[in-house]
Amino acid sequence: MSQPPRSKSGVPITDELAEQLADEAQAGYQLTPTKRVGRTSLGGTAGTSPRVNFRVTGALQARAQARADREGKTVSEIAREALEEYVK
């Protein structure tokens, strides 16, 4: 007998699970969040904070993580501090 398919997280998708999921889908899903999700704005007011993404070398990421660990911060925090200092 072949193995049942698995979900992305590795859970076997049995006939029972497939039926349960189908029943949930037929009942409908709440697509509108009932409360605000996500992190609060960095500016301290309602809204969102712009996201800045950029790529770095593995060595730079490792040095940034080491510094963040030493200072008890996240890499995002030290990156914001560095960018703030640079654009002064």
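Analyst: Leu60 is partly exposed, at 36% relative accessible area (between 20%, under which a residue is buried, and 50%, over which it is exposed; 1.4 Å probe, protein chains only). The model is predicted: local features need pLDDT of at least 70 and side-chain atom pairs 80 or more, while totals for chains, interfaces and linings use all residues. Numbering runs from 1 along each chain as its sequence is written, and side-chain values use heavy atoms, without hydrogens or water.

Leu60 belongs to helix 2, residues 58-71 (a DSSP run of H or I, at least four residues, numbered from the N terminus). Together with Val52, Phe54 and Val56, Leu60 forms a nonpolar surface patch of about 390 Å² accessible area (Shrake-Rupley, 1.4 Å probe; members have over 30% relative accessible area, no salt bridge, and nonpolar side chains joined within 5 Å, like charges within 9 Å).

Helix 2 also holds Arg67 and Glu71, four residues apart, about one turn of the helix. Glu71 and Arg67 form a salt bridge, with their closest N and O atoms 2.6 Å apart (Lys or Arg side-chain nitrogen within 4 Å of an Asp or Glu carboxyl oxygen). Both partners are partly exposed: Glu71 has a relative accessible area of 34%, and Arg67 has 44%. Glu71 also meets Lys73 in a salt bridge, at 3.4 Å from N to O; Lys73 is partly exposed too, at 28%. Arg67, Glu71 and Lys73 are linked with Glu81 in a network of salt bridges.

The whole structure contains four salt bridges. One of them joins Glu85 and Lys88, at 3.2 Å between the closest N and O atoms, and both of these residues are exposed.

Notes
Helices (H or I, at least four residues) and strands (E, at least two) are DSSP runs, numbered from the N terminus.
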